[in-house]
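Here are my notes for you, written to be read with the model open beside them. Take the points one at a time and find each residue as you go.

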Amino acid sequence: MADVGEEDKFSSQSDRGGLEADVQEIQSYFEKSRSVNLHIAVIGESGTGKSTFINGLLGIGDGDDGKTETTLEPIMWKHPNKDTVKICELPGTGDRQFLASVYLDRVKFDQYDFFIILNNTHFKQNDVNLAKEIHQRKKTCYFVRSKIDQELESVKGREKSKYNEGETLDRLRNDCVESLRKEGIKSPQVFLISSWYLDTFDFGKLQEVLEWDLPALKRRLFLLSLPNITSSIIEKKKEAMMDEIGKVAVLSAASGPIPGLSINCDIPLLVTNLSSYRTDLGLDNDSLGRLAKSVGKRMEELKSEVKSQFGVEVRDEVVRKVLIETGKEEENVRRRLAQYLASAAPDIDPTSSNIITCIVLETAVQEMVEDSKRVLRKGFQEFTKIQKYYLGISSPVQVSPRSGIQFIEQTKR
């Protein structure tokens, strides 16, 4: 299980010096959060769909960035919004016998947090040897069976009226697991993925496992770096943002009074955080442009779904205006202090500065989350009912027993 050390350290800091210690502890937390790196390695032969898988994981269209030709040397892909997130496309091992230890040394094994071994048919002996060596070196690897949508179409063509999607997925997954177990891989983690439809099949399960396995700060970074392709991802991002609002409020209030305002507030700090929330929720122009290109819509169509003040723009003047308006309801906001600060900083004096800042940030996040969900629905509004259900943006539809939707629901339990 991932560690929770950062939160534990922060919650206990009140025993070590009051407000000054609070501020120092929070500053240290954010410095570590900004500097943490996440490096992911993806290994697979040419033709297994590595580049398309990485493009999807980064939320960029196939061919927008990176390379799609045969990989002979490691290729480092950068996240479009987060410089500290990188995915390395490692060269395939080939059909010949090779030494896994030599291969991993050559690709600089130590720099990666975890490894994803990709194959679009069955996993080979070289994949097994790599997995064993990675485990021997105390790191984790995951097996991804790619192009699963194509495999399903192929099976459907062969079986025709006998075809059952749920049973086919079960069989494909079990075949992979059993073959890996026979080769000595204990408890192999296998995920069936379509790089063109990351929102379906096992991508959600893969995301949850990776979050669980990563330490706290890397887990948060991984989550916020994910493309906003499901309502579930958007909601998880919301939770991560909400968890830090109390800390941001304490730092902001500690900066001193602002001319023209009756509260202590660090407006540049709030602008930085609100801008980060906006980008992580996919509401900035670059993110909207990438989504528009991938779904074949004009960016203006998606932008029309962004209704909130901070979803549209984040500027000093807008933040100041909202702070003033919120401050006029001081009596109302005081009653909500405990909700925001009790767990984050229990020894902080319940000043209106903290309360007002918390409420401004919380309201902004809630409204931008709704913007993000509207953009998601608009982007995929022409999908079929079943595809929308996979995305988590419509109600369940009537389907036959053992359908793909039923299978997905079973795997969530």
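1. **The overall picture.** First, keep in mind that this is a predicted model. The protein has 20 helices and 6 strands. It runs to 413 residues, and 51% of them count as buried. Now look at contacts between residues at least 6 apart in sequence: 65% of these join residues at least 24 apart.

2. **The largest pocket.** How much space lies in the largest pocket? About 860 Å³. Its lining is made up of 41 residues, and the ones nearest the centre are Gly59, Pro227, Ile229, Leu291 and Ser294.

3. Five helices each supply at least two lining residues: α3 (50–58), α9 (216–225), α11 (267–280), α12 (285–295) and α18 (352–379). Which of the elements gives the most to the lining? That is α12, with 7 residues. By class, the pocket lining splits into 18 nonpolar, 15 polar and 8 charged residues.

4. **The largest cavity.** Next come the cavities: the structure holds 3 of 30 Å³ or more. The largest of them has a volume of about 50 Å³. Around this largest cavity you'll find Ile40, Leu57, Leu58, His79, Val85, Ile87, Phe222, Ser225 and Leu226. The elements giving two or more residues to this lining are α3, β3 and α9. Sort the lining by class and you get 7 nonpolar residues, 2 polar ones and no charged ones.

5. **The second largest cavity.** This one has a volume of about 40 Å³. Its lining consists of Ile43, Gly44, Glu45, Thr93, Ile117, Leu118, Asn119, Asp127 and Leu130. Here β4 and α5 are the elements that contribute two or more residues, and β4 gives the most, with 3.

6. **A stacked ring pair.** On to the aromatic rings. A pair of aromatic rings is described by the distance of the centres and the angle of the planes. The count for this model is 6 aromatic pairs. Why is the pair of Phe109 and Phe115 called stacked? The ring centres of Phe109 and Phe115 are 5.2 Å apart and their planes sit at 15 degrees, and planes under 30 degrees apart count as stacked, so this pair qualifies. Both Phe109 and Phe115 are buried.

7. **An edge-to-face pair.** Compare that with Phe123 and Phe143, which form an edge-to-face pair, 5.0 Å centre to centre with 70 degrees between the planes. The pair links distant parts of the chain, with its two residues 20 apart. Phe123 is in the loop between β4 (114–119) and α5 (125–136), while Phe143 is in strand β5 (residues 140–145). Both Phe123 and Phe143 are buried.

8. Ring pairs link Phe109, Tyr112 and Phe115 into a cluster. Over the face of Phe109 lies Arg137, at 5.1 Å from the ring centre. Lys139 also lies over the face of Phe109, at 5.0 Å from the ring centre.

9. **Thr357.** Is Thr357 buried or exposed? With a relative accessible area of 0%, it falls under the 20% cut-off, so Thr357 is buried. You'll find Thr357 in helix α18. Leaving out residues up to four places away in sequence, Thr357 touches Ala249, Ser252, Cys265 and Leu270.

10. **Pro80.** Finally, head to the loop between β2 (75–78) and β3 (85–90), where Pro80 is found. Pro80 has 32% relative accessibility, which lies between the cut-offs of 20% and 50%, so it counts as partly exposed. Not counting residues up to four places away in sequence, Pro80 touches Leu58, Ile60 and Arg290. Pro80 and Ile60 are 20 residues apart along the chain, and their C-alpha atoms are separated by 7.8 Å.

Methods: Residues are numbered from 1 along each chain as its sequence is written. This is a predicted model: local features need pLDDT of at least 70, side-chain atom pairs count only at pLDDT 80 or more; totals for chains, interfaces and linings use all residues. Side-chain values use heavy atoms; hydrogens and water are left out. On a 1 Å grid over the protein atoms alone, a cavity is a set of points where a 1.4 Å probe fits but cannot get out, and a pocket is an open set with protein on both sides within 12 Å along at least five of seven lines; lining residues have an atom within 4 Å of a point. Grid points are joined across faces, edges and corners, and a volume is the space filled by probe spheres set on the points. Helices (H or I, at least four residues) and strands (E, at least two) are DSSP runs, numbered from the N terminus. Ala, Val, Leu, Ile, Met, Phe, Trp, Tyr, Cys and Pro count as nonpolar, Asp, Glu, Lys and Arg as charged, and the others, Gly among them, as polar. Rings of Phe, Tyr and Trp (its six-membered ring) pair if their centres lie within 6.5 Å; planes under 30 degrees apart count as stacked, over 60 as edge-to-face and the rest as tilted. Buried means under 20% relative accessible area, exposed over 50%, partly exposed in between (1.4 Å probe, protein chains only). A charge sits over a ring if NZ of Lys or CZ of Arg is within 6 Å of the ring centre and within 35 degrees of the ring normal. Contact means heavy atoms within 4.5 Å.
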